[in-house]
Amino acid sequence: MVTFLPADTFSARAVYERLYCARGNMENTIKEQQLDLFSDRTSATCSAANQLRLLFSAFASILFDALRQALHGTRLARATAGTLRLRLLKIGAPVTVSVRRVKVAIDSAHPSAAAFARVHARLPG
């Protein structure tokens, strides 16, 4: 890697870990935004519709970051948005809505039932 940082200030390892790896993580974030959160779907002829799609994608990214924070300490804490969507959100469960609550009855044999319960307990509100 070519850099113009002074050699006596930064070691090669520090440059690699702080700058180069951070760039790779940002590229992975952009790829996740495009593939898993569908921010590349701006095919409408109206620019307002495309802007709304991008806004929804950005909002979904914020929600998935909150899910990852709630999953801290689990195997899903560093999962991609696509994996979280498949394991936590795309589940088959009956939903009962009453005046004061929404009840999701997950089967006890569901492989991610514990992670779902953990997220539910850690999310505010």
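The model is a predicted one, in which local features need pLDDT of at least 70 and side-chain atom pairs count only at pLDDT 80 or more, whereas totals for chains, interfaces and linings use all residues. Residues are numbered from 1 along each chain as its sequence is written, and side-chain values use heavy atoms, with hydrogens and water left out.

**Exercise 1.** Determine which element holds V102 and which residues make the nonpolar surface patch.

*Solution.* Begin with the element: V102 belongs to strand β2, strands being DSSP runs of E with at least two residues and helices runs of H or I with at least four, both numbered from the N terminus. Next, apply the patch rule, which takes residues with over 30% relative accessible area and no salt bridge, joining nonpolar side chains (Val, Leu, Ile, Met, Phe, Trp, Tyr) within 5 Å and like charges within 9 Å. The result is a nonpolar patch of about 360 Å², made by V95, V97, V102 and V104, with areas from the Shrake-Rupley method at a 1.4 Å probe, where for residues only the protein chains shown count as cover. Finally, assign the patch to elements: β1 (95-97) and β2 (102-104) each supply at least two of its residues.

**Exercise 2.** Compare the span of α2 with its expected value, and identify what covers the buried residues of this helix.

*Solution.* The expected span is 1.5 Å times one less than the number of residues. For α2, with 24 residues, that expectation is 34 Å, and the helix reaches 35 Å from its first C-alpha to its last, which is close to it. The buried residues of α2 are N50, S57, S61, F64, L67, R68 and A70. Their cover includes α1 (12-35), α3 (81-89) and α4 (113-122), judged by contact, that is, heavy atoms within 4.5 Å.

**Exercise 3.** Is S57 buried or exposed, and with which side chain does the side chain of S57 make a polar contact?

*Solution.* Locate S57 first, in helix α2 (residues 47-70). Its relative accessible area is 2%, so S57 is buried. Beyond its neighbours within four places in sequence, S57 is in contact with Q33, L37, F38 and S39. With Q33 there is a side-chain to side-chain polar contact at 2.7 Å, the criterion being a pair of N or O atoms within 3.5 Å, of which, within protein, one must be able to donate a hydrogen and the other to accept it, while residues adjacent in sequence count only if both atoms are side-chain atoms.

Note on methods
Buried means under 20% relative accessible area, exposed over 50%, partly exposed in between (1.4 Å probe, protein chains only). A salt bridge is a side-chain nitrogen of Lys or Arg within 4 Å of a carboxyl oxygen of Asp or Glu.
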